[in-house]
Amino acid sequence: MDFSRFLADDFEVKSWVNGAFRAGQQDAPGKVDAHAATLVMKLQLFIQEVNNAVEETSHQALQNMPRVLRDMEALKQEATFLKEQMILVKEDIKKFEEDTAQSMQVLVEIDRVKSRMQLAAESLQEADKWSTLSADIEETFKTQDVSVISAKLTSMQSSLAMLVDTPDYSEKCVHLEALKNRLEALASPQIVATFNAQSADQAKVFVKVFTEIDRMPQLLAYYYKCHKVQLVAVWQDLCQSDLSLDRQLTELYDTLLGTWHSQLQWTMQVFKNPHEIVTVLLIQTLGALVPSIPVCLSTAMERAGQETKLTKLLELYDTTLHFARGLEVAMLPNLQEHNLVKVMELVEVVYGPYKPYQLQYGDLEEENLLIQISAVPLEHWEVIDCVQELNHSVNKIFSLASAAIDNCMKLTDGLGVCGLLKALRALFAKYASDFTNTLQSVRKKCKLDDIASDSLFQEDWAAFQNSIRIITTCGELLRQCGDFEQQLANRILSTAGKYLSDSYSPCSLSGLQDVSLADKKSTGKNPWQEYNYLQKENPVEHASLLETLYTLKEKGTSNHSLLSASRTALTRLNQLAHQLAFDSVFLRIKQQLLLISKMEGWSSGGLGETLTDDLPNFSLTPLEYISNRLKSLVPRAGVTQKKPCCTSDLPKSLIPSALPGSGSLSGLSTPAEIGQYIMSLPLHLEPFVTQEDSALELALHAGKLPYPPEQGDELPELDNMADYWLGSIARATMQTYCEVILQIPELTVHSTKQLATDIDYLINVMDALGLQPSRTLQNIVTLLKTKPEDYRQTAKSMPRRLASTIATMRGLEY
């Protein structure tokens, strides 16, 4: 039995008992009682042994207690004696200090005097050493040993530090500097040879020598000069070659990048701050190139044509950008070891030649876009060609706009957003102007504004069909404009968003405060990514950029108005296309309707002169001008309600008893031609219903037609664009009809009834089409039907001017 478990801190009786019985079951299965009795006996024996051990230990402790007490008493007496001795020693020390304090002060003064004397002696020795060294220096120079001469000059420099207060100190300084110059002149050939040969061991010697004589900057100047001469010579050879400028820059940048890696490895063996030294080498090299990169860029831009200027600039900048990224990748692993001030200076030198063009990016991009869009012809001799070019121009215009975004992000890294927006607005303004001119040209080619009043009516649906195609193009413009504006906002925020600090607010200048280089270093920022030419060169545009970024960030890229003016211009184009389509249908009708007031017979018996005045209204047949015109509107039911498009399926009350002009169009009278013309309108509106074209649907919902429904009218046709168009044309017809009716000079009794019959027919047709007749038309027919004796009473609820005009036409007193 293991009794050690009884000593554990986490001992638990139940666990111990269960474990003991579990072990018993394994050794002797089925003998639980015997095992329990055995355990009890073992525990009793163990308890007895523990009691015996406790009793024996207690007995021994009682026996040892007197001896322990005697030892404690002796220890107490010794401690008391030691305390008394310590008090006596303390008193002796105090007395000694009081007796020797003055003597110690004297010793301290003597030691101070001794130190000053030793310092004076050393100074005198150094002063005497200057004289000795000055006398021996000429002999030392004769040895031509740079190290020995350096040691002498170092000693003279130390001696001179002791002679600051001597009258000829300045002369001694001049003399020492002259000696250092002699040493530098003596060593310069060897220094140049060492740096050219890339001898690390010899270079270390010169580093030690020039460090000792405080001439390290001069040694670095030799290092820079040696490598600059080689690199400048490489550039001059490239400039004299037949290579293009971008190839010349590529070769130069490859050489500089190779120099960076090779010289960093070498300077790490020689100098203490190799990263800074190689950075300065590139800075000085780029600044010493002849001809300079800015001059080369200026020459290349002057030689480039207007249409290729921006493309050439981007090619050259891409070469520089590749070099800059190569340097950035090389520096990033050890960026904390670099002097960030020098790195920022290198960034400025690398990108600096492009700064003037980056600041002019907006103008360059605008000029490039206008040249490109001018090369997109919209005007052609044939109308169908104009329509096709308008359709093809949509992808071209947004392709140019997307390319402009890429140009901006590549050349300015997002800083030229304001110039980009300006250029895009100019692009869309020019495109909208060209589009408008083309619409005017199409209008002239279709002769919509040149229809002579006495010209023969000719049915021509080509203009309307072409107009619908143009409306579809406008819908595609609106759709792509929305997508493009979303893309533009996302690109701006993702690329230029890094320039917007978290503390920026349009109401404060916190966003415009420059971050010091110390702060940049402390936050571990990368100078290659922090380059911002706009902040210092054009603060106003920079503030505008930050405001744009802030708006995009706060309101989201989907809620913006970057190109609101452009969207307005495209919406105006859509409206012009709607007007063109409407006019292509209605102007021919209007031109014929205007002839109604000039028809002979309104004031004479020409219109049914053989009929009696008391003939009932239902016996009158609508005149040809109204029946043929309105019969054409009836097939509308076949468009939206899927009813048969023929007069045989119409109510008998709507079918005129006589419809003249049922032959070919070429021989019809003018009113009949109008009716046949409008009759075919639903067939041409069919694409509005059957064709699933998202661009057309967008354009139709964005555009507005003339002659909208009157206030209070039900608008069932708004759910169907074909109905909406048919309703607009019908309202235009009714309004024009009302206008020409009011221009009839005089009506006889019979012509009054005939005109009322014509209007009733129109109202019945409108009812059959599901369209409400205009209030003016209803008022006119009411006034025409009113008996002379009831006219005044009926006219009280009518517009006064209308009632007066109808009364004059009918010859009634009002």
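Tutor: A salt bridge is a side-chain nitrogen of Lys or Arg within 4 Å of a carboxyl oxygen of Asp or Glu. The model here is predicted.

Student: What makes Asp483 and Arg479 a salt bridge?

Tutor: Their closest N and O atoms are 3.2 Å apart, and the cut-off is 4 Å, so the pair qualifies as a salt bridge. Asp483 and Arg479 are 4 residues apart in helix 16, which means about one helical turn separates them.

Student: Why is Asp483 called partly exposed?

Tutor: Its relative accessible area is 46%. Partly exposed covers what falls between buried, under 20%, and exposed, over 50%. Asp483 is therefore partly exposed. Arg479, at 33%, also counts as partly exposed.

Student: How do you know that Asp406 forms a salt bridge with Arg491?

Tutor: The closest N and O atoms of Asp406 and Arg491 are 3.0 Å apart; the limit is 4 Å, so the pair counts. Asp406 lies in helix 14 and Arg491 in helix 16 (residues 462-496), so the bridge ties together parts 85 residues apart in sequence. Asp406 has a relative accessible area of 38% and is partly exposed; Arg491, with 25%, is partly exposed.

Student: What makes Lys498 and Asp413 a salt bridge?

Tutor: The closest N and O atoms of Lys498 and Asp413 are 2.7 Å apart, and that is set against the 4 Å limit. Lys498 is in the loop between helix 16 and helix 17, and Asp413 is in the loop between helix 14 and helix 15. Lys498 is partly exposed at 42%, and Asp413 is partly exposed at 28%.

Student: How many salt bridges are found in the whole structure?

Tutor: The search finds 15. Glu348, Lys355 and Glu537 are linked in a network of salt bridges.

Student: Why is Met72 called exposed?

Tutor: Its relative accessibility is 53%. Exposed means over 50%, so Met72 counts as exposed. Met72 is in helix 2 (residues 32-142), and together with Met65, Val68 and Leu69 makes a nonpolar surface patch of about 380 Å².

Student: The structure holds 20 aromatic pairs. Why is the pair of Phe398 and Phe428 called tilted?

Tutor: Their ring centres are 5.6 Å apart and their planes stand at 50 degrees. Pairing needs centres within 6.5 Å; under 30 degrees would be stacked and over 60 edge-to-face, the rest being tilted. The pair is therefore tilted. Phe398 is in helix 14 and Phe428 in helix 15, 30 residues apart. Phe398 and Phe428 are buried.

Key:
Residues numbered from 1 in each chain as written. Predicted model: local features only at pLDDT ≥ 70, side-chain atom pairs only at ≥ 80, totals over all residues. Heavy atoms only, no water. Phe/Tyr/Trp six-rings, centres within 6.5 Å; stacked < 30°, edge-to-face > 60°. Helix = DSSP H or I, 4+ residues; strand = E, 2+ residues; numbered from the N terminus. Buried < 20%, exposed > 50% of the residue type's maximum accessible area, 1.4 Å probe, protein only. Patch = residues over 30% accessible without salt bridge, like charges linked within 9 Å, V, L, I, M, F, W, Y side chains within 5 Å. Areas by Shrake-Rupley, 256 points an atom, 1.4 Å probe, with all protein chains shown as cover.
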